[in-house]
Amino acid sequence: MADTTPIAVELRGVSKRFGDTTAVAELDLAVRSGEFFSMLGPSGSGKTTVLRMIAGFEEASSGSILLDGDDVTRSAPFDRAVNTVFQDYALFPHMTIAQNVAYGLKVRKTPKAETQQRVAEALEQVRLAHVADRLPHQLSGGQRQRIALARALILRPRVLLLDEPLGALDKQLREQMQIELKQIQREVGITFIFVTHDQEEALTLSDRIAVFNQGRVEQVGTPREVYEFPQTAFVAGFLGVSNLIGPELAQQLTGSSQPFTVRPERVRVLAADATPASHETSVIGTIAETVYTGPATRYIVEGEHGLRVIAERHNDHAPTDTAPWSRGDRVRVAWATEHAALVP
Amino acid sequence: MLRLTRGARVALGAVVGVVLVFMYVPLMLVIVNSFNAARIPSWPIEEFSLRWWEAAFANEALWTAVGNSVIVGLGAMVIALLLGTLSAFALQRFDFFGKQTVNLLIVLPIALPGVVTGVAFSNTYNNVLEPIGIQLGYFGMIVAHATFCIVMVFNNVFARLRRMSPSMQEASMDLGASLWQTFRLVTFPQFRTAFVAGALLAFALSFDELVVTIFTAPAGVDTLPLWIFNQMSRPNEATQVNVIATVLILLSFIPVYVSQRLTRAEEDER
């Protein structure tokens, strides 16, 4: 996505304090129009608070929030062209599915005929036209999730906010919904801001990811950027398994005490006396553990200067072929120098 | 399911039977005696008649008392609905200094013996307000009743609000509804049954209150319990009491039926 894409949501120096605790500190963030933007972080990292400030449920303690260039920092939720899909879906239990989806149009006093047509379209879009007359409690979790989505999208918001919408679903349904979400987002072309603590989900869905930690954004970038080139040790550790090479070992290997990270799938295991390629960095250690995970086998290699590296090897060889290395073997681990990401 | 031996089942059945007999035989006696022609209720009944029903329906003092009870009950109910609902919202949705104390102070009146409430209000009305020229009279009785009726509404609404997901209101406003629309379309429908149940309880509580009424009713004003109480102290007049008691027994089926219907409708919604 080119940098000339207009900005849909912009946060300028936004802070949020609850009493003595600072939930969000001096945050600057720009979400581009039409983008699938994820806010990823552990619980308590401030990502949900940011979402709630964009929605208007929480007021920023300082800073400003712009929606399409207009300052909405102090606007009420009902005056903002953003809609939210809640973690618990927040469907109204006393209304039918059709009434739930029509709610936003009803309070805007939209003509009946138009309302009916748009409700039918919205239900069609999430493939749930047949449940229009049921009550929310008669639906499965995945169906409720899609109704919550339809109810928000029917208003054609500028930005759709999603607060861990897949959190309550089981793994299979979750993966299916991820694909569906992505398709819907592409169809409607609305900016999605998606809060999640699941790194895999964020990597799968997003155009860009902001990684949150303790009320601050550690890094913003495409999934590839944040995964391959984490700028902080936190980002490296939070997105998948990562090997952190501490200052002492870094000094030994590179001559600089700058620590760096390298992904397990980038690390090769060789015989101790083998020669690594010229573009590789390598070190000798002992296999402390082997872990079979199905598609891959992980070797945990330990050695001097605090060496502890996980190497992942795809099990794409014949299934009868046993692991070439076992516990206690002296081996050499090597990775292409370009795959080492320096962390400050 | 718990499996019981034959002996245990027979024993439990017998206990239930005895309890039911003790609960309902006296009520039956009241109903049957209302048709007793004799002036003094006696057993066995020698002659059946509708004379006490006729006398009761022609008794103006009795009708005035019923009217007073309804007015006081409705008045106390309205006050309880307003204050009980508002305080439930305040205590459920907001954090403020002294919250626990306020909670305790709202619930306390239901635990206070009626005699204490009665004496307290009577003293306040007669020794404090009257000397400075404020005569609450009838309204004073309604206020005294309302103090313990508030709890009924408060407890019901509070419990319901606590179970309601706060994101429901947020979702409503997020979809463009104003505060008032949100209350009318989303919040109120969800605690409506608790509201109605609270109202029924509040009315019932006031309708049958005797002790507080004795202390706070203005001179010459009878509520139904007060009228009955006075009749009972004159044994020869007790027969009409059986009539009104019978009517009340029949009427009390209505709130029981309504509240069960409400509860069932709600279970279906979940």
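Strands, like helices, are DSSP runs numbered from the N terminus (strands E, at least two residues; helices H or I, at least four). This is a predicted model, in which local features need pLDDT of at least 70 and side-chain atom pairs count only at pLDDT 80 or more, while totals for chains, interfaces and linings use all residues. Residues are numbered from 1 along each chain as its sequence is written, and chains are lettered from A and ligands numbered from 1 in the order in which they are written.

Two strands pair if DSSP finds at least two bridges between them.

| Strand | Partner | Sense | Bridges |
|---|---|---|---|
| E14(A), residues 280-292 | E17(A), residues 330-336 | antiparallel | seven bridges |
| E14(A) | E15(A), residues 296-303 | antiparallel | six bridges |

In E17(A), A:Arg330 is the bridge partner of A:Thr286. Three residues lie between the strands in the hairpin of E14(A) and E15(A), where A:Gly294 takes a positive phi near 100 degrees.

In chain B, the axes of helix H3 (residues 60-93) and helix H10 (residues 224-232) come within 7 Å and cross at roughly 145 degrees. Axes are lines fitted to C-alpha atoms, for helices over the stretch in contact, with angles from 0 to 180 degrees between N-to-C directions. Residues of H3(B), including B:Leu62 and B:Val66, meet B:Leu224, B:Leu226 and B:Trp227 in H10(B); contact requires C-beta atoms, placed from the backbone, to lie within 7 Å.

Between the chains, 20 residues of chain A and 17 residues of chain B take part in the contact. H7(B) (167-174) and H8(B) (179-207) each supply at least two residues of the chain B side.

Conventions
Two residues are in contact if their C-beta atoms, placed from the backbone, lie within 7 Å.
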